[in-house]
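Good morning, and thank you for coming. I would like to take you through one structure today, and I ask that you keep the display in view while I speak.

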Amino acid sequence: KQTLLPLLREETSSFIFPCHPAVQRPELRYMVMELLRCIPLLLFLLFVCVLDHFIFTVLSIIQNHSFVQYSYQTNHHLTVNVMGTSLMAQLLRGTIGALNTSYDTEVQTSNLACLPRPSGMSRQQYLDTCLPLGALALLCLVQVYPFRLRRAIAAFYFPKREKVRVLFLYNKLLRQRKNFLLLQRGRIARQARQPPGLGTSLLQWCRRRWPWLRRFLRRSCTVCGTPETPQHRPCRDPHCGALYCEPCW
């Protein structure tokens, strides 16, 4: 709880606050990883849609430009005339006359039955195909909020374990703060040994020369970098000039 251990600015970014509506930094990493897993599915879906459109275009070109129609027409007429009135002539007219034939042939054919008949996907069908992937990406964005209930559910069923976790977290923060304080002391000491740059000296001279410029030439905390506020405290050493926010002080 904040009344027990108020969090510093650097510590706040490493925790998840369940009542905060925005996606926080620890959740952002997992959300980005889940979205990256959707990229192969998106690429595969785009490849399938492009391949479908390409095949439909090729088949449409074949259907429109490969139509061939054949027309075949023939006439056949056979007539045998036997002249005369003799018995032999009559016999020949009775036998050979049966060969007299006459017929006309007209055949029309085409390769229409062999041509493809492609049907392209409509815009609504493409939209319906992409909807599941869009729903999956939306679930990746929204899943951070149900995941915040895991700690509350575990604390409800295992209250003693929750108390142990809180104590462990509290002691871990104390150790981290102690190490952080030592590191910052060393960093500030090294920074203090270095001579101030020309820009820093110029800004300090302007602040001393024209006090009304302090409203625009705001400094920041030496430790955490918080912009200057009335609650910031300067170092007691008059030759130091370092500025600290209230938690860092």
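Predicted model: local features only at pLDDT ≥ 70, side-chain atom pairs only at ≥ 80, totals over all residues.

Let me begin with H232, which touches C221, T226, P227, L243, Y244 and C245 when residues up to four places away in sequence are not counted. H232 lies in the loop between helix 8, residues 198–209, and strand 3, residues 233–234. Is H232 buried or exposed? Its relative accessibility is 11%, and the cut-off for a buried residue is under 20%, so H232 counts as buried.

Let me now step back to the whole chain. It has 249 residues, of which buried residues make up 14%. The secondary structure comes to 8 helices and 4 strands. Read from the N terminus on, the elements follow the order α-α-β-α-β-α-α-α-α-α-β-β. As for contacts between residues at least 6 apart in sequence, 60% of them join residues at least 24 apart.

I turn next to the packing of helices. Helix 2 covers residues 25–65 and helix 4 covers residues 123–142; the two pack at an angle of about 175°, and their axes are 9 Å apart. How are these two helices oriented to each other? The angle is over 145 degrees, and helix 2 and helix 4 are therefore roughly antiparallel. On the side of helix 2, the contact is made by M31, E34, L35, C38, L41, L42, L45, C49, D52 and H53. Helix 4 contributes Y126, T129, C130, L133, L136, A137, C140 and L141. By class, the residues of this contact divide into 14 nonpolar, 2 polar and 2 charged.

Two further residues of helix 2 deserve attention. E27 is found in this helix, and at 5% relative accessibility it counts as buried. With neighbours within four places in sequence left aside, E27 is in contact with I16, A22, V144 and R148. Q63 is also found in helix 2, but Q63 counts as partly exposed, at 30% relative accessibility. Which residues does Q63 touch, not counting those up to four places away in sequence? They are L115, P116, R117 and P118. Q63 and L115 are 52 residues apart in sequence, yet their C-alpha atoms are 5.8 Å apart in space.

A related case is N111, in the loop between strand 2, residues 101–110, and helix 4. Apart from neighbours within four places in sequence, N111 is in contact with S66, F67 and V68. From N111 to F67 the separation is 44 residues in sequence and 6.4 Å in space, C-alpha to C-alpha.

R151, A155, F156 and Y157 of helix 6 meet P159, E162 and R165 of helix 7. The residues of this contact comprise 4 nonpolar, no polar and 3 charged.

E162 is buried, with a relative accessible area of 14%. If neighbours within four places in sequence are left aside, E162 is in contact with R151 and A155. E162 and A152 are 10 residues apart in sequence, and their C-alpha atoms are 9.3 Å apart in space.

Rolling a probe the size of a water molecule over the atoms shows where empty space is left. How much space lies in the largest pocket? The volume is about 1500 Å³. The pocket is lined by 30 residues, and the closest to its centre are F15, I16, R151, R165 and L169. Helix 2, helix 5 (144–147), helix 6 (149–157) and helix 7 (159–193) each supply at least two residues of the lining. Which helix gives the most to that lining? It is helix 7, with 9 residues. The lining divides by class into 16 nonpolar, 4 polar and 10 charged residues.

Let me close by linking two topics. R151 and R165, both among the residues closest to the centre of the pocket, also take part in the contact of helix 6 with helix 7. Thank you for your attention.

Notes:
Residues numbered from 1 in each chain as written. Heavy atoms only, no water. Axes fitted to C-alpha atoms, helices over the stretch in contact; angles between N-to-C directions. Parallel < 35°, antiparallel > 145°, perpendicular 65-115°, else oblique. Contact = heavy atoms within 4.5 Å. Nonpolar A, V, L, I, M, F, W, Y, C, P; charged D, E, K, R; others polar. 1 Å grid on protein atoms, 1.4 Å probe; cavity = no way out; pocket = protein on both sides within 12 Å on 5 of 7 lines; lining within 4 Å. Points joined across faces, edges and corners; volume = space filled by probe spheres on them. Buried < 20%, exposed > 50% of the residue type's maximum accessible area, 1.4 Å probe, protein only.
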